[in-house]
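Good morning, and thank you for coming. I shall speak about individual side chains and the charges on them, so please keep the structure in view.

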Amino acid sequence: FRIYINGWVKIESKVTDRLFLLAYTDTMTGVKNRNAYEEALVKLHNDTARLDKIMVVVIDVDNLTVINNTHGHHSGDEVIKTVANCLLKTIGTKADVYRVGGDEFVCIAECDILGYISEFRDLIGFENQTRKVSFSVSLGYMKYSSEIHRNIDELIIDCDKKMYRNKRKHKTNLK
C-alpha cells in the first residue's frame, strides 16, 4: 500500500522496514551500526544547538585478541554481544548505542548519564561472575562544553583519549 506525505509517496512494507533495519543495525549485537552513527554525527554537526545537552561515552573491550586466541572467536563474539546487551540495559535506556568497530562502542545521550555508566560497570562485573571467560572494558566519557569543544568531533576525540588512558591503566594493572 502507499502513504502520501507532503505530496511524496512513501511505500510502507515489510521489505522496506527490513532493509532499513539492515542498513542501520549491527546484526550481531542488535545495536545501531556505523552507518547510523555517521548519520547521527552529521545531524549533530547541523544542529549545534543540541550540543550543549550531549554526553558521549566511548567503550572498548580490553584484550579481545587474547580472548579470541585463547578461547576462540566464538567466545570473543559472545563478549561483544554481552557488552552490547549490558549497554542496552543501562546506558541505552537514555542514549543511542552504536557499534562503531569490532569491539568498540559509542553512546550518545542528550542528558547526563553518569549514573547509567555506573550501572553499566556494575552489570559487567555481575556478568563476569557468571561467565567462563571474564573480560573488562575501558571507557571514556565527557559532556560537551562549548569552552572546550568546537564540535561533536572534538568531544568524541576527547572521550576516545580518556578511554585509551583507561585502557593503559588496565594493561599496567595486569603486569
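Which residues does N68 touch, leaving aside those up to four places away in sequence? N68 touches H73 and G76. The model is a predicted one. N68 sits in helix α3, which spans residues 64-71. With a relative accessibility of 14%, N68 counts as buried, because the cut-off for that class is under 20%.

Let us turn to the charged side chains. How many salt bridges does a search of the whole structure find? The search finds nine. One of them joins E110 and R50, whose closest N and O atoms are 2.6 Å apart. E110 belongs to the loop between β5 and α5, and R50 to the loop between α2 and β3, so this pair ties together parts that are 60 residues apart in sequence. Both residues are partly exposed, E110 at 39% relative accessibility and R50 at 27%.

A further salt bridge links K81 with E78, at 3.4 Å between the closest N and O atoms. These two residues are three apart in helix α4, which means that about one helical turn separates them.

The side chains of R150 and E154 also meet in a salt bridge, with 2.6 Å from N to O. Are these two partners buried or exposed? R150 is exposed at 70% relative accessibility, whereas E154 is buried at 18%.

Finally, consider the surface. A patch of positive charge is formed there by K161, K162, R165, R168 and K169. Among them, R168 lies in helix α6 and is exposed, with a relative accessible area of 52%.

Methods: Residues numbered from 1 in each chain as written. Predicted model: local features only at pLDDT ≥ 70, side-chain atom pairs only at ≥ 80, totals over all residues. Heavy atoms only, no water. Patch = residues over 30% accessible without salt bridge, like charges linked within 9 Å, V, L, I, M, F, W, Y side chains within 5 Å. Areas by Shrake-Rupley, 256 points an atom, 1.4 Å probe, with all protein chains shown as cover. Salt bridge = Lys/Arg side-chain N within 4 Å of Asp/Glu carboxyl O. Lys, Arg positive; Asp, Glu negative; His and termini not counted. Charge placed at Lys NZ, Arg CZ, Asp CG, Glu CD. Helix = DSSP H or I, 4+ residues; strand = E, 2+ residues; numbered from the N terminus. Buried < 20%, exposed > 50% of the residue type's maximum accessible area, 1.4 Å probe, protein only. Contact = heavy atoms within 4.5 Å.
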